[in-house]
Amino acid sequence: MVQQRLPSEGKILEIGCGPGSFAENLIGRELTCLDPIPAMLAVAEPRVNKKRVSRGEQKANFIQGTAESLPFGDCTFDAVCTLFSFRDWYDKPKGLSEVLRVLKPGGKLVIVDPAKVNRIHGWLGYLYMKIWVGSYARIICKQREHPWKWLTKTYVHFGTTKDYVKMMKENGFTEVKSKLIFPGMATIWEGKRN
Ligand SMILES: C[S@@+](CC[C@H](N)C(=O)[O-])C[C@H]1O[C@@H](n2cnc3c(N)ncnc32)[C@H](O)[C@@H]1O
């Protein structure tokens, strides 16, 4: 779903690549993966590059950094994507302005994260995470203080789909649109740099 929204060739940056679950399946693009946590990069690099080499592709680059201070020159990438990371950016407007800076003119940003369409959707999402995901995580992790508690917390503090359409426009993106991936809670936002 995200791959189809990215240009079929050119330089792609994934911000917040985590352990590389999305990056390993991004086929045929020149890829740079960025994450602030060295342990994430240490897992992602061998995983992603093993897959890329097996497909006969060039290895991806792995860089430590944050969205709010991207260590790249202006107009470097044809597209930027960020999956399940945007909600953690500590200064979203700053991160979006950094993305705009490193995109080439005509370049595209794709964001995926679980936003709320409205209050009811937000409430259902909260219950789903707290009860279903929470119970499952307690069983798997065999502890009450499991790491997925943070997922519920970041979800609760994350805004609505419309909030981030507005924020993207305010930070210079054009042709901004969003789509709820149904059934579920994830939203895809897209925007372009003129
Ligand atoms: C859930 S993981 C992402 C998983 C990955 N995108 C995937 O699909 O496999 C979220 C990642 O965002 C990173 N992150 C958190 N705050 C960030 C920031 N301000 N800038 C860039 N990445 C950030 C975290 O370190 C974490 O690895």
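Residues are numbered from 1 along each chain as its sequence is written. Because the model is predicted, local features need pLDDT of at least 70 and side-chain atom pairs count only at pLDDT 80 or more, while totals for chains, interfaces and linings use all residues.

The domain assignment divides the chain into domain 1 (3-115 + 159-192) and domain 2 (117-157), the bounds being taken from an automatic or database domain assignment. The C-alpha centres of domain 1 and domain 2 are 24 Å apart. Seven residues of domain 1 are in contact with five residues of domain 2, where contact requires C-beta atoms, placed from the backbone, to lie within 7 Å. On the side of domain 1 that touches domain 2 there are three nonpolar, two polar and two charged residues; in this classification Ala, Val, Leu, Ile, Met, Phe, Trp, Tyr, Cys and Pro count as nonpolar, Asp, Glu, Lys and Arg as charged, and the others, Gly among them, as polar.

Two packed helices are described by the angle between their axes and the distance between the axes. Helix α3 (residues 119-141) and helix α4 (residues 149-157) pack with their axes 10 Å apart and at an angle of about 180°, so α3 is roughly antiparallel to α4 (the term applies to angles over 145 degrees). The contact is formed by Gly125, Tyr126, Met129, Lys130, Val133 and Gly134 of α3 together with Leu151, Thr152, Tyr155 and Val156 of α4, and the residues of this contact divide into six nonpolar, three polar and one charged.

The ligand is surrounded by 19 residues, of which Gly16, Gly18, Ser21, Phe22 and Ser85 are the closest; a residue is near the molecule if its C-beta atom, placed from the backbone, lies within 6 Å of it. By class, the shell around the ligand holds 11 nonpolar, five polar and three charged residues.

In helix α2 (residues 92-102) the buried residues are Lys92, Gly95, Leu96, Glu98, Val99, Leu100 and Val102, a residue being buried if 20 or more other C-beta atoms lie within 10 Å of its own, exposed if 12 or fewer, and partly exposed in between. The elements that cover these buried residues of α2 include β1 (11-15), β4 (77-83), β5 (103-113) and α5 (161-170).

Cysteine 17, in the loop between β1 and β2 (30-35), counts as buried because 31 other C-beta atoms lie within 10 Å. Leaving aside residues up to four places away in sequence, cysteine 17 touches Ala23, Cys33, Leu34, Asp35, Met40 and Ala44. Cysteine 17 and methionine 40 are 23 residues apart in sequence, and their C-alpha atoms are 7.8 Å apart in space. Tryptophan 189, found in strand β7 (residues 187-192), is also buried, with 22 other C-beta atoms within 10 Å, and touches Ile111, Tyr164, Val165, Met168, Val176 and Ser178 when residues up to four places away in sequence are not counted.

Most residues other than glycine have a negative phi. Cysteine 75, in the loop between β3 (61-64) and β4, has a positive phi of about 55° although it is not a glycine; cysteine 75 is partly exposed, with 13 other C-beta atoms within 10 Å. Phenylalanine 84, in the loop between β4 and α2, likewise has a positive phi of about 55° and is partly exposed, with 17 C-beta neighbours inside 10 Å.

Conventions:
Helices (H or I, at least four residues) and strands (E, at least two) are DSSP runs, numbered from the N terminus. Two residues are in contact if their C-beta atoms, placed from the backbone, lie within 7 Å. Axes are lines fitted to C-alpha atoms, for helices over the stretch in contact, and angles run from 0 to 180 degrees between N-to-C directions. Angles under 35 degrees count as roughly parallel, over 145 as roughly antiparallel, 65 to 115 as roughly perpendicular and the rest as oblique.
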